[in-house]
Amino acid sequence: MINSGETEQQKFLPKRIILVRHGESAGNLDGAAYTTTPDYKIPLTPDGIAQANLAGTQIRDVISDSGKLRNWKVCFYVSPYERTRSTLREIGKSFPRKRVIGVREECRIREQDFGNFQITERMKIIKETRERFGRFFYRFPEGESAADVFDRVSSFLESLWRDIDSRFQHDPADDLNIIIVSHGLAARVFLMKWFKWTVEQFEYLNNFNNCEFRVMQLGDGGEYSLAVHHSEEEMQQWGLSPEMIADQKCRANSPRGGFIEKCQWYLDGFFDHVDPDDSEDGENEDNTDDKMGS
């Protein structure tokens, strides 16, 4: 049974959290750009600008159900890099000012730090080493590991929840949608943290394409899920395992209060000896019988 406090809390949760990777950048087109231009100053290409403009239209269609819905608002968070800010400017062209309740630049969702100027041949060797070492824990010389990015994204998530609780002032009748314009690795780490994916599961995730976006939407039980908006085939293409996809479907469809009981697939990844039929009560009964029979 849902009490009134839970109902009110549910009402004010954003309907969607949408993660967007920036459009094609000069660095995506030619890695030599990083040898002369600081990473944070790398601009979008003309194709990247067009991608961002199209993404804005597509995201608005998702939020408004292709114009059928009238009561909705958006709030943006953006990495401080030039390519993400430019992506946001193009996406923003699809949203009238009255629909936007806030925009915030957020340093904690910036790109993974690979060092300063990047020498092409040296970076090729370093990235080959990363593949042997493991993408999550490998730390770039003078830069960061994905684990470092995980820590700062985790801190951002705490701030995001505080913003949801106190900062966003909007009509409860309006669907609130949070759009985060960031980078491929930061977005994957965000999903990893949110859905409690393991390091091993992270290693199999594929990067976002330029201006690809992924929609976390509230399911019937109040849990965010990728499976509300996206298909199983899409999630497979992203590198989600069958167990991860089953978890997303469970989050999307479980009734309120039923998620914890029904979606504990991840236990098998840690305890290979777990038998669902085992119970401490049964063990106690057996012990009792033994004692009574002795």
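Colleague: Is C211 buried or exposed?

Modeller: Buried means under 20% relative accessible area, exposed means over 50%, and partly exposed lies in between (1.4 Å probe, protein chains only). C211 has a relative accessible area of 7%, so C211 is buried. Two notes on the source come before the rest. This is a predicted model, in which local features need pLDDT of at least 70 and side-chain atom pairs count only at pLDDT 80 or more, while totals for chains, interfaces and linings use all residues. Residues are numbered from 1 along each chain as its sequence is written, and side-chain values use heavy atoms, with hydrogens and water left out.

Colleague: What does the protein chain average in pLDDT?

Modeller: pLDDT is the predictor's confidence in each residue, from 0 to 100. The protein chain averages 87, and 82% of its residues score at least 70. Residues 1-10 have a pLDDT below 50, and this stretch has six contacts in the model beyond near neighbours in sequence. A contact means heavy atoms within 4.5 Å.

Colleague: How many helices and strands does the protein chain have?

Modeller: Helices (H or I, at least four residues) and strands (E, at least two) are DSSP runs, numbered from the N terminus. The protein chain has twelve helices and six strands. Of its 294 residues, 47% count as buried. Among contacts between residues at least 6 apart in sequence, 72% join residues at least 24 apart.

Colleague: In what order do the six strands stand in the sheet?

Modeller: Strands of a sheet pair through backbone hydrogen bonds, either parallel or antiparallel. Two strands count as paired if DSSP finds at least two bridges between them. Here the order is β3-β2-β4-β1-β5-β6, in an open sheet with mixed pairing. The edges are β3 (100-105) and β6 (224-225); each has a single partner strand, so one side of each lacks a neighbour in the sheet. Within the sheet, β1 runs parallel to β4 (residues 175-182), with six bridges joining them. V20 stands opposite V181 in β4.

Colleague: Which strands does helix α7 lie across?

Modeller: For an angle, axes are lines fitted to C-alpha atoms, for helices over the stretch in contact, and the angle runs from 0 to 180 degrees between N-to-C directions. Helix α7 (residues 184-195) lies across β1, β4, β5 (213-218) and β6, and runs at about 150° to β1.

Colleague: Which residues does UniProt list for "active site"?

Modeller: UniProt positions are given in the numbering used here, feature names are shortened, and annotations may be inferred rather than shown by experiment. The record, an unreviewed entry, lists H22 and E111. They span 90 residues in sequence, but no two of their C-alpha atoms are more than 10.5 Å apart, so they gather at one spot. Both H22 and E111 are in the lining of the second largest pocket. On a 1 Å grid over the protein atoms alone, a pocket is an open set of points with protein on both sides within 12 Å along at least five of seven lines (a cavity is a set where a 1.4 Å probe fits but cannot get out), and lining residues have an atom within 4 Å of a point.

Colleague: Where are H22 and E111 found?

Modeller: H22 is in the loop between β1 and α2, and its 2% relative accessibility counts as buried. Its contacts beyond four places in sequence include R83, H183 and C211. E111 is in the loop between β3 and α5 (120-133) and is buried at 12%. Among the residues E111 touches are R83, R152 and H183.

Colleague: Where does UniProt place the feature "binding site"?

Modeller: The unreviewed entry places this feature at R21, H22, G23, E24, S25, A26, G27, N28 and R83. From this set, R21, H22, N28 and R83 are in the lining of the second largest pocket. G23 sits in the loop between β1 (16-21) and α2 (26-29), and G23 counts as buried at 0% relative accessibility. S25 is in the loop between β1 and α2 and also counts as buried at 0%. Beyond four places in sequence, S25 touches Y34, I42, P43, L44, T45 and R83.

Colleague: What is phi of S66 near?

Modeller: Most residues other than glycine have a negative phi. Phi of S66 is near 55°, a positive value in a residue other than glycine. S66 lies in the loop between α3 and β2 (72-78) and is exposed, with a relative accessible area of 54%. C211 also has a positive phi, of about 65°, although it is not a glycine. C211 lies in the loop between α8 (199-203) and β5.
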